[in-house]
Amino acid sequence: MLMKTNIDAVYIHIPFCNKICNYCDFSKLYYNSTYVNKYLIALSKEIDKYYKYEKINTIYIGGGTPSCLSIIELKKLFKIVNKIHLYKDYEYTFECNLEDITEDKLKLLYKNKVNRLSIGVQSLNKNILKKLGRSLYSKRYLKQKIKLAKSIGFKNINIDLMFGINNCNSILKDIKYITKLNINHISVYSLIIEPHTKFYNNNESNIDQDIESKLYAKIVELLNNNNYIQYEISNFCKKGYECKHNIKYWNNDKYYGFGLSSHGYIYNYRYENTKSITSYIDGKYRLSKTIINKKIDIENYIMLNLRKIEGININEFNKKYNIDFEKKYNIEYLLKNKYLIKEKDNVKINKKYLYISNKILADILYNELDN
Amino acid sequence: MKQENIRVFSIIAHIDHGKSTLADRILEKTGALTDRNIKAQVLDSMDLERERGITIKLNNASLKYKYNNEEYFLNLIDTPGHVDFSYEVSRSLAACDGAILLIDAVQGIEAQTLSNYYLALENNLTIIPVINKIDLPNADIDSIKKEIIDTLGFKEEDIILTSAKTGEGIDRLLEEIILKVPYPKGNINNKLQALIFDSYFDPYKGVILLIRVVNGVINQGDKIRLMSTNAVYDIIELGLHTPNIESKQKLQTGEIGYICASIKSISDVKVGDTIIHSNDSITKPLIKLKEIKPMVFSGIYPLESNKYNDLKDALDKLKLNDASLTFEPEVSTALGFGYRCGFLGMLHMDVIEERIEREYKIDIIATSPNVIYKLFLTDNTEQMIENPSKMPDRQKIQKIEEPYVKTSIFVPNIYIGDVMKLCQKKRGIYINMDYIDEKRVNIHYEMPLAEIVYDFFDKLKSFTKGYASFDYEISDYKVSNLVKLDILLNGEIIDALSMIMHADLAYNRGRQVVENLKKLIPRQLFEVPVQAVIGQRVIARENIKAVRKDVLAKCYGGDITRKRKLLEKQKEGKKRMKRVGNVDVPQEAFLSILNVDEN
């Protein structure tokens, strides 16, 4: 049975990790084979319950550390995921940790249609890796793993990096090295200290905002100079290698989220799954549902689309919501002072000010013309 | 009731010396209250009064009491216990024949004990000195007695000892009132003359006047005339407060009661006015009316601009009960539409502002309070300025005068040095100093009211570890070297932050305000210069740096809730800010002027 639901993206969460990083506040637990088996059974049931056999464009398997599952467990996982119908030009991403990358696993992924790897590297600096609570690996180690992945056939590889952990500029060295490995997608995130993390509990703080923003500017410049195009606040790629899945989020499109603590946006609501592994295994998947009315949808649309460098297409916006964007929002002074830029039909945040995008966003949304 | 068996008296005291508790005890003794309907301190009818332990609006109670098989009518008129309301005290004393001067058995004579004592003397009242709180373990009755004898000139046998808390000495006090306070002297056969000593607004009956019938009789249905306005009204209802309302047919000479006469607005009535029958031709009022003028001004603005009408409504309602509150519309470029309000003093202002927020649930921003200045312009005209932002150009001004007050500061003599230091700093001019006893003094200074409004009382308390008590009366206007200090944000004058102050203090205060604002105003999209300016001269400048980071780096796994939460937080934050020339200014910034510490 095929239903028209406008949903063509799927996120699947695998919450298990061999090691818990000090900054991580995502839903995760230590790897335990008994739980993995129970979890996969529950996941299968959740997909059966909600998935309406739509054709899907992008799948993203994230974590946790999906790559920490054993070969047998991965086979079980793929058996479940293979129920999902794919379009021909699909994108299928799988998150890996460097130390999990083995020939056997990669071959299994490749055989099961995964065509994009996202590798969590974060840093190549030993001090920073130590501080983050991650395994220590060398540049050579990274090089070998990339070589292996390419030899098996993965052309589309992303590397995640992190900065703002300390005042050291090692991220720039890391980027220089990675660009030489011919990687076509790099995500660079600044550290966010979230509650329920070791960093938070140890009262770690972010580095000074003036230093951090300058470093961000240098990162952007360096990546641009190496032919990486910035297409979102934290995402850079060689031409044509944008992550289609993430772009769906930023377009405010619909998607399924399956697995522990996943978020999804289907029909007229957004939902969040339970964070409790026992509830999830018991089949109590949903934690909350939020009906998205027009007002919230508009706010989400603006908030998400402005993450993208190309910004908001005003024609599309006006048509979709039957509202005149420039009349509804008081953006004149933001345009005048070049915080926002209007180019053809698009309004976007000036690249120079992406790092204060929240502030600009609040000015757009909450300085509405007095009624 | 026989005129000879009526007594009219007040309790006067320094704040916290137990006035309201004593009033309760008297009500209880006379059977006006049973335990069940005592809601501690009945005469303080507003919640705010009860909470702050102060009486703001006075009230009265007519109480029956049997003494030596005779029935007496004891009329207690309550008075407010704060310096801001001294006019209210004086007019309620004008309706009395006697006063209980209540003195705390630990604190002894304080600033307002003395000022109230003088007010009672001016009104020719029989004064009964009472030492209260004698149950306290640290009560020092002997030395307080000595203070009363030495300072106020009473004899030892005049002094009554009470504990309003335990009820000790209350019967003795009531006996003393009956024996010593003279009965009302008027003539029931003369033409009607009644004194209005208070008024309040009742939502069902309109304005209610509290009166003392000085001569003659007033009946339900009578046509009366208010002497100051010649306005004529019909008496619809009259009666007693026992303290519950007890309607009657008439009130006669010596009686204290209420009347309703379909008076719509409290501003139509002047307290202190004389009531006569409309056809009578009496020309001399009982007492001379004094116009009460507000001394302290502040701009009050709704935090949310759509609450402007609600604010007007609240002020209108407050004014119904409080003729001394004045307000008129005002527009500020920084704060939008609001009202410039006039108050009798700082406490009066605090109370009104708190009632607007609490009873009417309107969040407000109040600008820092100021006094009213007298400007002599070069074109030989005079102008009164009650809003600093309205001050004309310096070149157009010949001279500026500001109001001065005469202070009484009661303090243990070990703090004399500290108090003098503080007063000098606040531009005080020393007058003299009286010794109350060997340990306590009463220091008199002449001081600009503006300094008192600013932070004098808080400073005085901290300089003297809370031991000082303080009272003041307006003396006159004096020429001062005053300047207008403007604060500029991003090059724009923030009118709500303009101040008038003495030139010698301006540099320091300007510097401090600028530093405070830098701390209080969050980093904005762009760098914001903050300047303090006198005329064209910038005396202080700080820059609020532009915000460099406000971003959510990652929208992970389609979880947009974090980002939404951040936005909600910003939205809430914005609600609590005023946007002035594209700068988001938090509410606290408008009060930062008050938190300037010159040390």
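Let me begin with a term: two residues are in contact when they have heavy atoms within 4.5 Å. What we have here is a predicted model, in which local features need pLDDT of at least 70 and side-chain atom pairs count only at pLDDT 80 or more, while totals for chains, interfaces and linings use all residues. Residues are numbered from 1 along each chain as its sequence is written, chains are lettered from A and ligands numbered from 1 in the order in which they are written, and side-chain values use heavy atoms, with hydrogens and water left out.

With that rule for contact, B:Lys165, leaving aside its neighbours within four places in sequence, touches B:Thr21, B:Arg25 and B:Asp135. B:Lys165 sits in the loop between strand 6 (160–161) and helix 6 (170–180) of chain B, where helices (H or I, at least four residues) and strands (E, at least two) are DSSP runs numbered from the N terminus. B:Lys165 is exposed, at a relative accessible area of 64%; exposed means over 50%, buried under 20%, and partly exposed in between, with a 1.4 Å probe and protein chains only.

B:Ile400, in strand 23 (residues 397–412) of chain B, is buried, with a relative accessible area of 2%. Its contacts beyond four places in sequence include B:Tyr373, B:Leu375, B:Met391, B:Val479 and B:Leu482, and B:Phe376, 24 residues away in sequence, lies 6.2 Å from B:Ile400, C-alpha to C-alpha.

Now to the interface. Here 47 residues of chain A are in contact with 32 residues of chain B, and the area buried between the two chains is about 3800 Å², with carbon and sulfur atoms giving 55% of it; buried area is the accessible area (1.4 Å probe) that two parts lose on being put together, summed over both. Between chain A and chain B there are nine salt bridges, each a side-chain nitrogen of Lys or Arg within 4 Å of a carboxyl oxygen of Asp or Glu, and one of the pairs meeting in this way is A:Asp210 with B:Lys545, at 3.0 Å, N to O. At least two residues of the side of chain A that touches chain B come from each of several elements, among them strand 4 (55–63), helix 8 (209–225) and helix 15 (357–366), and helix 15 of chain A gives the largest share, nine residues.

Which elements do the buried residues of helix 12 of chain B pack against? They pack against helix 11 and helix 15 of chain A, together with strand 32 (577–580) and strand 33 (583–586) of chain B, and these buried residues include B:Arg564, B:Leu567 and B:Gln570.
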